[in-house]
Amino acid sequence: MEIMSFSKNRMACGCLVGFLGFTGLSAAPRTAEGEQEDAARYLFICAGDQARKAPDFLAVVDFDEDSPKYGQIIGKANVQGPSAVGNEFHHIGLSANGKIAACGGLLSVLKGQDEVFFFDVSNPLAPSFHSSANPPLSAISDEFHALPEGGFLLTMMGGAQGHAPGRVAEFDEDLNLVKEFPETPPLDGFNPHGISVRPEVNLMVTSDFVCPSTTLEAMPGSVDFRSSVRVWNLKHREIVRTIGIPGAGGTIDVRLIPGDARERGYTAAMLTDQLYLLHTRRGTARPVFDFATIAKGGWPQLMRITRDGKRLFISMNQAGKVAMLDIAEPEHPKLLKVLDLGPNSGPHYIALSQDEKRLVISDYFLNEDSLGKVHAEGDHKIHVARVTEDDLALDRRFALDFNTAFAQGPARPHGLAIQ
């Protein structure tokens, strides 16, 4: 495994790994039967120039299946100003009202640049750069959670120097930084990457993934992966307990099961091929599925769960696959389908459409080039899979390759948001 180096203005140590993300989507209309209708028309993708010479950007793709331009780039907005190039755009968030897209810069700290970038997408056909921010206590932005009143929560995997502890940063509806939480962070490897929220039960969870600075080529020793999930009082933004999972090997993502009366969730251990069922009230975790039965060392990474809590999707980066599990019985997940994306693929970020009938997959994780140890390039393609109750099938009409989509040259696509 591998990762990267950087410095936050005054600091000369940084890090890199980050991997997931959450997409807050505006509500779609409902049918007479109460099911959500697929009103999705646009796909937002944050990406960076592979050569790290042109500005990082937000691309807009036609996602309307009835459109003659389905699957084509129909809009693009570059980052403006001194922090425009080399941020390694990573995860994405879409505001609750659908007017702001936020992208995180995983490697921004290496050049002392701003780390969070906001775009105005109120007119998706003409997106524009809005502003950027640089939380002072933390670095290495990862996953976004859109707040219903506007703004975002954002996991920041490292401290300002790329070590531990990291933070969770909050931005208000005007995109101003509110605070970095918790006020007194734990000192036992708090490097949050994944995030999941259930406001109706005042619950938030974050998963620790890796101490970023240990991924640098210049740092001696092995990469220090984290294996823990933090349980939060959402309203107070306070950690109330830690679920330690010794030897799990990098708990990269975490998802609460929607509507689960017992307030359970899942986390994925990237290096040990395990899916863990979390009991957030008891503070315990136990393995319930072995991804090695699909592909040993396949790097299970980001997860999505359907609103009814019955289906879980997860990307397997090194295996080049996406798995679909039946989790109607949370203690006993059942494998329903493995979608193979072919040679040289490297799926990481995934997003479900509002009607949950389409799953979008970006085929790029992270390549730090000469800066660090991580070189998981993938093939830079965007895939769409049709979702049924027990199957995933590629939509062959959708064929978008970020190696050839832009005149500037190959680009690395990462975070995906659907509107």
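What follows is a walk from the whole chain down to a few single residues.

## Ground rules

This is a predicted model, where local features need pLDDT of at least 70, side-chain atom pairs count only at pLDDT 80 or more, and totals for chains, interfaces and linings use all residues. Residues are numbered from 1 along each chain as its sequence is written, and side-chain values use heavy atoms, with hydrogens and water left out.

## The whole chain

Let's start with the overall makeup: the chain has 31 strands and 0 helices. Here, helices (H or I, at least four residues) and strands (E, at least two) are DSSP runs, numbered from the N terminus. The C-alpha trace spans about 50 × 50 × 40 Å along its principal axes.

Of the 419 residues, 63% count as buried; that word means under 20% relative accessible area, while exposed means over 50% and partly exposed is in between (1.4 Å probe, protein chains only). Take the contacts (heavy atoms within 4.5 Å) between residues at least 6 apart in sequence: 56% of them join residues at least 24 apart.

## A sheet and a hairpin

One piece to look for is an open sheet of 4 strands, in the order S12-S13-S14-S15, with antiparallel pairing. Strands S12 (192-198) and S15 (238-244) sit at the edges with a single partner strand each, so one side of each has no neighbour in the sheet. Two strands pair if DSSP finds at least two bridges between them; S14 (residues 225-233) and S15 do so over 6 bridges, in the antiparallel sense. Within S15, Ile243 is the residue opposite Val229.

Elsewhere, S10 (residues 167-171) and S11 (residues 177-181) pair in the antiparallel sense over 4 bridges. They form a hairpin with 5 residues between them, and Leu175 in the turn has a positive phi of about 65°. Ala169 has Glu180 in S11 as its bridge partner.

## Two buried residues

Tyr70 is in the loop between strand S2 (57-62) and strand S3 (73-78). Tyr70 counts as buried, at 7% relative accessibility. Leaving out residues up to four places away in sequence, Tyr70 touches several others, including Phe63, Arg358, Val384 and Phe398. Its side chain also makes a polar contact of 2.7 Å with the side chain of Asp395. (A polar contact is a pair of N or O atoms within 3.5 Å; within protein, one must be able to donate a hydrogen and the other to accept it, and residues adjacent in sequence count only if both atoms are side-chain atoms.)

Asp253 belongs to strand S16 (residues 251-256) and is buried too, with a relative accessible area of 0%. A polar atom of the Asp253 side chain lies 2.7 Å from the backbone nitrogen of Met303.

## Charged pairs

Side chains of opposite charge can pair when their charged atoms come close. A salt bridge here is a side-chain nitrogen of Lys or Arg within 4 Å of a carboxyl oxygen of Asp or Glu, and the count comes to 25. One of them joins Arg386 and Glu65, with the closest N and O atoms 2.2 Å apart. Those two come from distant parts of the chain, 321 residues apart: Arg386 is in strand S28 (residues 381-388) and Glu65 in the loop between S2 and S3. Arg386 is partly exposed at 33%, and Glu65 is partly exposed at 24%.

Glu356 and Arg307 form another salt bridge, with 3.4 Å between the closest N and O atoms. Both lie in loops, so the pair ties together parts 49 residues apart in sequence. Finally, salt bridges that share partners join Arg52, Glu88, Asp369, Glu377 and Arg412 into one network.
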